[in-house]
Amino acid sequence: WCARSWCFVDPSNCKLLHTPSIHFTDRHFSYATCGQIDSFTLSERKKAIKDKTYQVALNSNSGGWRGSYNPEGSFAVNNRWSGPIVDFLRTSALEGGFTMNITRPPEWIREDAKKFFGSSSFDYCVYAVSLGYLDFCLAAYTITNKRAAVANFFETTSTGVYLVSFVDVGGTSWSSFIRSAKTIFQPFTWGAWAMIFFFVI
C-alpha cells in the first residue's frame with residue numbers, strides 16, 4: 001500500500017472515499033483523490049480483528065435457507081449450525097484470523113429484553129449485543145427501527161426478505177378470508193378477466 005498515491009483531505013469538502021488517520025487524530029486521508037484504491041484501511045482492519053475471540057449467539061431461522069439454522073433452535077451451543085450466514089462467518093473467521101465463542105445471551109436479561117422489544121428471540125439477542133454481553137448475533141434479521149436504534153447491522157445479502165401482510169378490519173375469520181380472497185381479482189376488470197380466460201383456455 002505504500003507505493004500507492006494518497007493525500008490528506010478536508011473531510012467537509014471531499015466527496016470521495018476518505019478515512020480518519022490512525023496516526024494523526026485531526027486528519028483524514030484519501031487514496032481515491034489520487035485515483036488509487038485504499039488497501040491500507042483493509043489491512044489495518046484485518047490486523048484489528050486478528051487473534052481476537054468474539055462472543056457470538058446464533059438465532060435459528062426457519063430452515064436456514066437465508067440465514068442460519070440448527071435443529072435444536074436458537075442459541076444452541078453445538079456444531080450443528082448451517083446456512084449461508086453461518087458459512088459467511090466461518091469463512092470470515094478463517095480469513096480474518098479470529099475465533100468465535102458460540103454462546104447464549106445471558107438469561108437474566110431476557111425479561112428486560114421483553115419489556116423493551118417483545119418476546120422474540122431475535123430481539124433478545126439484539127438486546128444482549130446492545131448491552132455489550134455479545135459481540136454478534138448471527139441470523140437473517142428483519143431490521144426494524146427499534147433494532148437499528150440500539151445495534152449496528154451488517155447485511156450479507158443483496159436482496160431483502162419482505163413480509164407482506166394485511167390488517168384485518170374486523171369481522172369473523174371466515175368473512176375476513178372471503179373479503180381478502182376477493183382482492184386477488186381487483187387488479188383487472190371483469191372484461192380483462194374474460195379476455196385472459198378466453199386466450200388461456
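Modeller: Two residues are in contact when heavy atoms of theirs lie within 4.5 Å of each other. In this predicted model, residues 24 or more positions apart account for 45% of the protein chain's contacts with a separation of 6 or more.

Colleague: Which elements make up the chain, and in what order do they run?

Modeller: The protein chain has 7 helices and 6 strands, and from the N terminus on its elements follow the order β-β-β-α-β-α-β-α-α-β-α-α-α.

Colleague: Why is Trp6 called partly exposed?

Modeller: Buried would require under 20% relative accessible area and exposed would require over 50%; Trp6 has 41% relative accessibility, so it counts as partly exposed. Trp6 lies in the segment before β1, which spans residues 7–9.

Colleague: What makes Trp6, Phe8 and Phe24 a patch?

Modeller: Members of a patch need over 30% relative accessible area and no salt bridge, and nonpolar side chains are joined within 5 Å. Trp6, Phe8 and Phe24 form such a nonpolar patch on the surface, with about 310 Å² of accessible area together.

Colleague: Why does Lys146 count as partly exposed?

Modeller: Its relative accessibility is 41%, and this value falls between the limits of 20% and 50%, so Lys146 is called partly exposed. Lys146 lies in helix α5, residues 145–150, and, leaving out residues up to four places away in sequence, Lys146 touches Phe116 and Phe117. Lys146 and Phe116 are 30 residues apart in sequence, while their C-alpha atoms are 9.2 Å apart in space.

Colleague: What makes a group of residues a nonpolar core, and which residues have the most contacts inside the largest one?

Modeller: The residues must be buried, of a kind such as Ala, Leu, Tyr or Cys, and joined through side-chain atoms within 4.5 Å. The largest nonpolar core has 16 residues, and Cys125, Leu134 and Tyr141 have the most contacts inside it. Helix α4, residues 121–131, gives the most to this core, with 6 residues. A second, separate core of 11 residues includes Ala76, Trp81, Ile85 and Leu138.

Colleague: Which residues does Tyr141 contact beyond its neighbours within four places in sequence?

Modeller: Tyr141 is in contact with Asn59, Phe122, Cys125, Val126, Arg147 and Phe153.

Colleague: How do you know which stretch to read with care?

Modeller: The mean pLDDT of the protein chain is 79, and 77% of its residues reach 70 or more. Over residues 161–168, however, the pLDDT is below 50, and beyond near neighbours in sequence this stretch has 5 contacts in the model. Where pLDDT is low, predicted coordinates should not be read in detail.

Methods:
Residues numbered from 1 in each chain as written. Predicted model: local features only at pLDDT ≥ 70, side-chain atom pairs only at ≥ 80, totals over all residues. Heavy atoms only, no water. pLDDT = per-residue confidence, 0-100. Patch = residues over 30% accessible without salt bridge, like charges linked within 9 Å, V, L, I, M, F, W, Y side chains within 5 Å. Areas by Shrake-Rupley, 256 points an atom, 1.4 Å probe, with all protein chains shown as cover. Salt bridge = Lys/Arg side-chain N within 4 Å of Asp/Glu carboxyl O. Helix = DSSP H or I, 4+ residues; strand = E, 2+ residues; numbered from the N terminus. Buried < 20%, exposed > 50% of the residue type's maximum accessible area, 1.4 Å probe, protein only.
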